[in-house]
Amino acid sequence: MVKEEDSKTLELFLKIGLDEKTAKNTLANNKVTTNLTAVIHEAAVTDGCDRTVGNLIYTVATKFPANALNHRPTLLQYIVSTKIKTPAQLEAAFTFLAATASGDLNAQEFEEACGVGVEVSKDDIERAVSEVFEEKKANILEQRYRTNVGELFAHVRKKLPWADPKVVKEVIDVELYKLLGERTAADNEKPVKKKKEKPVKAEDKAKVDETPAPKPSEEELNPYSIFPSPEENYKVHTEIYFSDRPVLRASNSKELLEKHLKVTGRKVLTRFPPEPNGYLHIGHAKAMFVDFGLAKERGGGCYLRFDDTNPEAEKKEYIDHIKEIVGWMGWEPYRITHTSDYFQDLYELAVELIKRGHAYVDHQTAEEVKEYRERKMNSPWRDRPIEESLRLFDEMKKGMIDEGKATLRMKQDMQSDNFNMYDLIAYRIKFTPHPHAGDKWCIYPSYDYAHCIVDSLENITHSLCTLEFETRRASYYWLLDALGLYQPFVWEYSRLNVSNTVMSKRKLNRLVTEKWVDGWDDPRLMTLAGLRRRGVTSTAINAFVRGIGITRSDCSMIHLSRLEYHIREELNKTAPRTMVVLNPLKVVITNLEAGLVTDLDAKKWPEAPANDASSFYKVPFSRVVYIERTDFRLKDSKDYFGLAPGKSVLLRYAYPIKCTDVILADDKETVLEIWAEYDPSKTTKPKGVLHWVAEPSPGVDPLKVEVRLFDRLFLSENPAELEDWLGDLNPESKVVIQNAYAVPLVRTAALGDRFQFERLGYFAVDQDSTSEKLVFNRTVTLRDSYAKGGK
């Protein structure tokens, strides 16, 4: 019975949004369990509630002041009705109630103390952060990334005590990055305590002022400077240790290198070798930047080579996509090849490898191979006669042996400390036609066998890959040495990990095939097709990758805000401004003549010169205009810059208006319509500036458009490490607004056109647009507050 009761209580705790671990830990504490159960019943949420509400209820159960228990039901009603919805508000409530104790509760004072009804938008936060940064700019520039962020946070919280702390921290981080740019090596050094210096003499001051600023490193100016020239590829840069033979020092003989240099004309040749089994993602953008970028910087060429050794996974759709997206990213292949182009060469070299005693046909099952490798045991067939392996390999090729009954394995070093030297498989049997090579082959080479050989056959000078392949370097050079082939220079760099997303092809494929997203080009994905559809440009992606650098540090997660910074930097310069209202609220200007429509000039660019007509567009101004529903409140406050009864705001590019009346629905809460008067003389100088859209002619609705607001796909920064990673999907990652209102300017927008919707963000025309209705995707939110001119 006890276990059944615990099970019911656990279910109750899970219903209010507690994660399973927290719920189980709570059950282990009888006092908290009793309190939380009572609070859930007091709040009347036994059937469940929103996770945010549930977390606040949990806090009430653990922290509510004991001297004010008679007021607990009242507080819970404020929470359930979302009048109190942040931890800061709740802490303020606890303080107020602890002081009130069991006495009478003054509702008005309580609400003022807890910030009830105070809405703090991201615009408000960005404005406050901008003001703090302006005040502290000199100190921030001096301290750079040693700036005390907690102090900045405190200044913002002083201005906006009810702001969401997570959003405040995010905006501060973005503003810091915008002001300071990439971290430098000096930023990461520990500060050195300076001794007190004597005052600088007047005659010496000029000399001090003339001290030049430190020059950026060669690597910062040219990230490719770390790579050697092709002529240097006779030097040893990798040593491979064996358990039963001397060290192999990977290098080319002078004769082999000269032969290679003669064929290549001493040019740098690299390769970008994607497997055509999915769409490319932003990690591949870094690989392209490294492979194509090095070749371009050195005046060489980069192969686009399809690593198509697995006939079951490759599709023509993926091959066509990769070719197209490489071009979109700004890269031009030296040649387009396939590993399958070299199947005959690879087969002949496998025969040679057997003849040299470095390969054998094996009959172990996949499970047996795994077990023997784990135990460092040789296969029973490892030392079979060379002639026998040659005969069996020929039978494999002719289709005389069933799939799974034999493989060709390289005879490497089963006692090595490197797992990737445990007799890797070179060939396996697959009775599957190949998309590129047809049905000629029923044996296919493995990546570990084919990759290094094709690198050598194509005379690649620099074989560059991500760090997870570093342990394969020994196998790479062992095989080329065993066959006496030219050896490219191998170097690994850190893979690109971006927060709040997944980039493994297996996980991406699952998201697509199980319909968690709308295809490989869903704008929420970090696929390059998805980013392009979202409105991100290839130049912004390349700038982001260049800013990260080509390093071997593999312990960092790059925050999504860094990519967003580069996107904003470009769109700020290239996307014209316009006005769109997402959730329209009707405003009737009562002192404007009915039927009168005036065309006003609006700026496409913040610094538009007055004499350049192309920098302006016409926007109609009439008796009926629409503003954002979130830009109006029935109750005004000091830190609110929107419209309220009796208050004035400026309509961007138009006139100040003052709210004179509010038309409410029968529930006396829902605002149906606002009446206002405008100031044609513009003598009123309100603080708040709103974007708006007007009726283009009397009784005619403005242009309706669909707007898709995309956000981060996952709630956690690193969802890939979660067991239930699909459970971390952000339910608000895509919000569709069917009937937003837009100014006439956007009517002629075409696919791919990008705009800044003032005060809302950057948006791009989506491929789902039709002649009847335009569809816009939000690319990224605004960097700066509207107080800075919407730049």
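Predicted model: local features only at pLDDT ≥ 70, side-chain atom pairs only at ≥ 80, totals over all residues.
Residues are numbered from 1 along each chain as its sequence is written, and side-chain values use heavy atoms, without hydrogens or water. Local features need pLDDT of at least 70 and side-chain atom pairs count only at pLDDT 80 or more, while totals for chains, interfaces and linings use all residues.

The structure holds 0 disulfides, a disulfide being a pair of cysteine sulfur atoms within 2.5 Å. For Cys-452, the nearest cysteine sulfur belongs to Cys-465 and is 11 Å away. Cys-465 is likewise in no disulfide, with the sulfur of Cys-452 as its nearest. Cys-452 is buried at 1% relative accessibility, where buried means under 20% relative accessible area (1.4 Å probe, protein chains only). Cys-465 is also buried, at 12%.

The second largest pocket has a volume of about 740 Å³. A pocket is an open set of points on a 1 Å grid over the protein atoms alone, where a 1.4 Å probe fits, with protein on both sides within 12 Å along at least five of seven lines; lining residues have an atom within 4 Å of a point. The volume is the space filled by probe spheres set on the points.

There are 30 lining residues, and Pro-273, His-284, Thr-466, Glu-468 and Phe-469 lie nearest the centre. At least two residues each come from β3 (269–272), α15 (282–297), α20 (447–457) and β10 (462–466); helices (H or I, at least four residues) and strands (E, at least two) are DSSP runs. The largest share, 5 residues, is from α15. By class, the lining has 11 nonpolar, 8 polar and 11 charged residues, with Gly counted as polar and Cys and Pro as nonpolar.

Technical notes
Buried < 20%, exposed > 50% of the residue type's maximum accessible area, 1.4 Å probe, protein only.
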